[in-house]
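Biologist: I have this one open on my screen and would like to go through it with you. Could you take my questions one at a time?

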Amino acid sequence: MEQAPDDWTETERGLWEAFRNGEVYDLRAERPRRQARLYLPAPAGKTVRADGAAEGPDDPFADEPWGAGRTVRAEVISRLLLAGPPPHPGKVASLKLTGAEITGPLRLAGGRIDSYVEFQLCRFDRKLLISEAAIGTLRLVSCRLPRIEASRLASEGDVHLARCGVRDGIRLTDARIGTDLLLNQSAVGPDLYGRAISADGLTVNQDVEAERLELKGELSLRSARIGGRLALRGAQLHAAPGNPNALDAARISIGHTLYLASSEDADWTASRSVYGSGYGAPAATVVDRRTVVYTPFRSWGRVRLSDARFENACLISLAEFHLGPGEELSLSRIQSPELRFTCEVPPTGAVSLSRARIGNLIDTPGSWPTDHHVSLTGFTYEALRPAEPFPLGRRIAWVDSGREFRPEAYEQLAAALRRDGADEDARTVLHAKQRRRRRTLPLPGRIWGHLQDVAIGYGYRPGRAAAWLVLAWALGTAYFAAHPPGPLKADEVPTWNAALYAASKVLPLVDLGQSGWNPDGHGQWVAAALVLTGWVLATTAVAGATRLLQRG
């Protein structure tokens, strides 16, 4: 069919011709010569700007009506995309619509769309239905929509939903994106279940860019597969009433890096690009954050990354986690060559690293919550690479921050320190483990533990035993020098030596030739005390040596 249907309006006939020529069909009231201005959306969950003020006659997020000359029926767009006319000779048919009011539900579900599709600065009064459709590239930029239904969508190219305002959520469950998914600077409200973006089972062959994303409702990415990176720099995620999750990405698999990090404001201020001027740049570091203005990643509600896999790194840097009672940041069972956890403000709730497996752990002392809010059960890592000085005492407190005593957390820390050649620090950690264990024992065990601690530091301070033995020997020598005992047999009087006599008492099973003396009543008590001291110190020394051998 070469001509538009007779019942189409003049505006819709113009779109027909623009489609056949592959041209941009621009219906804006003001048409600048250069690239169209990209408006930022209204707050998440809102249809229009809260104050109702327009930023110009082409602001899609204002409440001012547009005239009939800017209106296109959704059925016209469906006709062009699903059964459109052939392109003019030498042209490639494509739908590129700017500044239009699209009325009625846009039903493309299950269809095959071969043309390139782009909407900019458009208003949709009904939801976009594109579930189970097959498409090349889909771009919606600075558009206002009630909802997007795109479950099981299959695209060969990009899907761009940048700077869009979507009041009632986006559904991308089991969608397959051929290259990139772009959600930068969009604002999305919740659906009936408190989810802003439902993308469980999503597959993206390359990157997911969601910087400065603002959500009121859950971002659900359970079992998603992303071939490149997932960037949530500067995102603001708010859990909706009735759904405690801000981010649920359990079992997600990311082929490169997850960024829960800050976003430099300068990269986005007045940027015309939906990628910002800092596209592809690393997140702000601990060093340069003092010289730049940035917006942290923030979440209000529970964050789940349980069982996630990151092939390159999981970077949680300059992020804020506002957790309520009973909520936690769950990193349980994650696997990654590197975990960076460098928050300026520690999470307000629990952090779980149970059974996670990490290569390098990069962190700072102030990043972790206190008051027994870090679970390290079964957490393993190869090396500690703190981003700033991390005193050993703070590191031991970090290990001890679980709600229950877990000896493997101390063993893991000691092993990492030994790999770095810090053997003395490793012994200090293992000593702290025994002290922490002592608090779980019954009273007799605690008393015996105190004795071992004072005597030889549970075997990790062997010099203490020698010091106690020397002290006992010196006191015994002084006493018996002042109160020499009589001979055991009157006809056998060995040569008296107070120092050797005291040494024979504090060193069990050692005969120094001073056994022929018989101390008086007080002397017998002193001798017995020296013998008991020697036995206790010897026993604890053997226990400590055994522990050291078992550790080796």
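Predicted model: local features only at pLDDT ≥ 70, side-chain atom pairs only at ≥ 80, totals over all residues.

Biologist: Where does Ser186 sit?
Modeller: Ser186 belongs to the loop between β19 (181-182) and β20 (187-188). Helices (H or I, at least four residues) and strands (E, at least two) are DSSP runs, numbered from the N terminus.

Biologist: And which residues does Ser186 touch?
Modeller: Leaving out residues up to four places away in sequence, Ser186 touches Pro41, Leu161, Ala162, Arg163, Cys164, Arg212, Leu213 and Glu214, where contact means heavy atoms within 4.5 Å. As for Cys164, its backbone nitrogen lies 3.0 Å from a polar atom of the Ser186 side chain.

Biologist: What about phi of Gln185?
Modeller: Gln185 has a positive phi of about 60° although it is not a glycine. Most residues other than glycine have a negative phi. Gln185 is in the loop between β19 and β20, and it counts as buried because its relative accessible area is 9%.

Biologist: Which other residue has a phi near 60°?
Modeller: Asp174 has a phi near 60°, again a positive value in a residue other than glycine. Asp174 lies in the loop between β17 (170-171) and β18 (176-177), and with a relative accessible area of 37% it is partly exposed.

Biologist: Switching to Ser151, what does it touch?
Modeller: Not counting residues up to four places away in sequence, Ser151 touches Ser131, Glu132, Arg171, Leu172 and Thr173. Ser151 lies in the loop between β13 (148-149) and β14 (154-155), and it is buried, with a relative accessible area of 2%.

Biologist: Now the helices: how do the axes of α3 and α4 cross?
Modeller: The axes of helix α3 (residues 392-399) and helix α4 (residues 407-419) come within 9 Å of each other and cross at roughly 145°. Axes here are lines fitted to C-alpha atoms, for helices over the stretch in contact, and angles run from 0 to 180 degrees between N-to-C directions.

Biologist: Which residues meet there?
Modeller: From α3, Leu392, Arg395 and Val399 meet Ala409, Tyr410, Leu413 and Leu417 of α4. By class, this contact has six nonpolar, no polar and one charged residues, where Ala, Val, Leu, Ile, Met, Phe, Trp, Tyr, Cys and Pro count as nonpolar, Asp, Glu, Lys and Arg as charged, and the others, Gly among them, as polar.

Biologist: What lies in the loop between α3 and α4?
Modeller: Ser401 has its place in that loop, and it is buried, with a relative accessible area of 6%. Ser401 and Ser375 are 26 residues apart in sequence, and their C-alpha atoms are 7.3 Å apart in space.

Biologist: Which residues does Leu353 touch?
Modeller: Not counting residues up to four places away in sequence, Leu353 touches Leu331, Ser332, Leu339, Trp368, Ser375, Leu376, Thr377 and Phe379. The C-alpha atoms of Leu353 and Ser332 are separated by 4.7 Å, although the two are 21 residues apart along the chain. Leu353 is in the loop between β41 (350-352) and β42, and at 0% relative accessibility it counts as buried.

Biologist: And how exposed is Arg357?
Modeller: Arg357, which is found in strand β42 (residues 357-363), counts as partly exposed at 47% relative accessibility.

Biologist: Last topic, the protein as a whole: how many helices and strands are there?
Modeller: The protein has nine helices and 46 strands, and of its 552 residues, 53% count as buried. Among contacts between residues at least 6 apart in sequence, 55% join residues at least 24 apart.

Methods: Residues numbered from 1 in each chain as written. Heavy atoms only, no water. Polar contact = N/O pair within 3.5 Å; in protein donor to acceptor, adjacent residues only side chain to side chain. Buried < 20%, exposed > 50% of the residue type's maximum accessible area, 1.4 Å probe, protein only.
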